[in-house]
2 protein chains.
Amino acid sequence: MRVIAILSLLALAAAAPAPKTPTEIVAAAPASAWKTIPADDLLVMQLASGAKVVLQLAPAFAPVHVANLRALAKAHWWDKASIYRVQDNYVVQWGKNESSDPLPAGVVAKPPAEYARPLKGLKVAPLPYPDDYAPRAGYTLGWPVGYDPKGGTANLTHCYGYVGVGRDMAPDTGTGGELYAVIGQAPRHLDRNIAVVGRAISGIENLSSLPRGTETLGFYKERSQDVPIAWIRLASEIPAAERPSFQYLDTNAPAFAAYVKARANRKDDFFIRPAGGVALCNAPVPIRPAPAG
Amino acid sequence: MRVIAILSLLALAAAAPAPKTPTEIVAAAPASAWKTIPADDLLVMQLASGAKVVLQLAPAFAPVHVANLRALAKAHWWDKASIYRVQDNYVVQWGKNESSDPLPAGVVAKPPAEYARPLKGLKVAPLPYPDDYAPRAGYTLGWPVGYDPKGGTANLTHCYGYVGVGRDMAPDTGTGGELYAVIGQAPRHLDRNIAVVGRAISGIENLSSLPRGTETLGFYKERSQDVPIAWIRLASEIPAAERPSFQYLDTNAPAFAAYVKARANRKDDFFIRPAGGVALCNAPVPIRPAPAG
């Protein structure tokens, strides 16, 4: 009898396994579901304090702006630049504020408005929940997107940690010399109004924990408050031994779909009522350091 | 001819005035649209550093928890408490972590799960855009809510700066001795799973800019890293001359509806493409210091 009872319990456990958390689903994803980010798509920002932030660039969405960023990095344009704006629940902004230094060769002074790209050619995994800022939302090439099946466009979105190109009033687009990262509630109203060029994939806490600026829009009042940047380089310029390497979870992989579903239906021990939905920026694309070897 | 031309220009300007920004709409709201927050609904947290954070309590949504918070404040329970958890893009948490101090008289040790309240009796101004976390979203009594017209419930939402009651695994609800504030993308999946008791209405940047904890879930590793709190008091306990006073914009006032509409359709000089929608947590209820006199 005892053996049968045990078998019954085992059968029961097999029938109703404990639901996996999003973290567990990501940890169990096969190696084939992870894509290594090219070293030319990683921009490393070293603060004078020693803290590091790694950005992933998005050439599939803003190719001219990304080419500008690569040219600025290669010219060491940002050496001794600074962070000069920290606005709570909004953005951290850095670069060479009001600099009159000439732009390095190869930098396009007036880039096109790369605020959206053709939807054609993209395999989008749709988010099966409504979005307030685009007709549809989903994921493609490892990025969250708003998209418009009728208009045939797709755009990167201003989620936490996402990086855009500072600009003046429209129709100026900005060279890329001044960048900002989101450090609060996703300001999705900026989507399709500014070029999003990438996201922080490591060290965003070194930006989000900086003292807030007290001037309008969070600018620091005194230049002495600016947070000095030692340098910004492409990972491809950094010696191999020190070069960071990261992977993102393929947004078309079954593991990613399972992760999003679990984010929308949290059932682990802490939760009482799963939401049954999730906002695009609340199911961030999983990133991990590339495994050694 | 010249006079006529000028008049025509004036007529044109009158016909198509520059669209007002959300900030301009709020600034132009009549005094009658502003509601003063009772001093018993304001909890003032003074950090040992001198920085201050003011919280507004929500007795209409979590009356037993709010009564606990008032009793804890009056007993000076939090004197020399600390902030011991700062998790990037998530929460700052404070209180008397793992304290064995007895609870003050009047504090309910096991409060009911005040995660939602009856919709009945509330006049909700609906947000005319979809929500991923509740059947409907809107505003009532100066607060954002998710609500379920069928189920007849309404719940406060985890927007930036919103404050909830730390708890252990379900069905524990927490006394209120440990509180957290949201410092990142709204973790709306926590809605209806934890008691939301209020929001930071002043000084949230003093929490969001703290160093992140490096342990799991953002706990500080060493007790020496904890950020000391000098005291937490109800505003009603503070001498009148130093007592803070704030007002919120009546969420049923026409000015509030105009504000939300403008947040969803940004048309000022910077913007090229208005979104045509806004997420609940991206149209925060306007708060201002109460005018003198």
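1. Let's start with the salt bridges: a search of the whole structure turns up 18 of them over all chains. Keep in mind that this is a predicted model.

2. In chain A, go to R188(A) and D191(A), whose side chains meet in a salt bridge at 2.6 Å, N to O. R188(A) is buried, with a relative accessible area of 5%, and D191(A) also counts as buried, at 5% relative accessibility. There is a further partner to pick up here: D131(A) is linked with R188(A) and D191(A) in a network of salt bridges.

3. Over in chain B, D41(B) and R70(B) form a salt bridge, 2.6 Å from N to O. The two are 29 residues apart, with D41(B) in the loop between β1 (34–36) and β2 (42–47) of chain B and R70(B) in helix α3 (residues 63–74) of chain B.

4. Another chain B pair is D79(B) with R233(B), a salt bridge of 2.8 Å, N to O. D79(B) sits in the loop between α3 and β4 (82–86) of chain B and R233(B) in strand β14 (residues 227–234) of chain B, so this bridge ties together parts that are 154 residues apart in sequence. Here the Asp, D79(B), is partly exposed, with a relative accessible area of 28%, and the Arg, R233(B), counts as buried at 14%.

5. Now the disulfides, of which the count is two over all chains. In chain A, C159(A) is joined to C281(A), S to S 2.1 Å. C159(A) lies in the loop between β10 (153–156) and β11 (162–165) of chain A, and C281(A) in the loop between α5 (254–264) and β16 (287–289) of chain A, so the bond ties together parts 122 residues apart in sequence. The torsion about the S-S bond of C159(A) and C281(A) is about -70 degrees, so this disulfide is left-handed. Both cysteines count as buried: C159(A) at 4% relative accessibility and C281(A) at 9%.

6. Chain B has a disulfide between C159(B) and C281(B), with the sulfur atoms 2.1 Å apart. The torsion about the S-S bond of C159(B) and C281(B) is about -70 degrees, so the disulfide is left-handed. C159(B) is buried, with a relative accessible area of 4%, and C281(B) counts as buried at 11%.

7. Have a look at helix α5(A) too. Its buried residues include A255(A), F256(A), Y259(A), V260(A) and R263(A). Among the elements covering the buried residues of α5(A) are α2 (22–27), β8 (136–140) and β15 (246–249) of chain A.

8. Last, the interface. Polar contacts are another matter, with 20 residue pairs found across the interface of chain B and chain A. The side of chain B that touches chain A has 20 nonpolar, nine polar and twelve charged residues.

9. On extent, 41 residues of chain B are in contact with 41 residues of chain A. The area buried between chain B and chain A is about 3,800 Å², with carbon and sulfur atoms giving 54% of it. In chain B, D132(B), Q185(B) and F270(B) lose the most area to chain A, together 19% of what that side buries.

Notes
Residues numbered from 1 in each chain as written. Chains lettered and ligands numbered in written order. Predicted model: local features only at pLDDT ≥ 70, side-chain atom pairs only at ≥ 80, totals over all residues. Heavy atoms only, no water. Contact = heavy atoms within 4.5 Å. Buried area = accessible area lost by both parts, 1.4 Å probe. Polar contact = N/O pair within 3.5 Å; in protein donor to acceptor, adjacent residues only side chain to side chain. Nonpolar A, V, L, I, M, F, W, Y, C, P; charged D, E, K, R; others polar. Disulfide = S-S within 2.5 Å. Helix = DSSP H or I, 4+ residues; strand = E, 2+ residues; numbered from the N terminus. Buried < 20%, exposed > 50% of the residue type's maximum accessible area, 1.4 Å probe, protein only. Salt bridge = Lys/Arg side-chain N within 4 Å of Asp/Glu carboxyl O.
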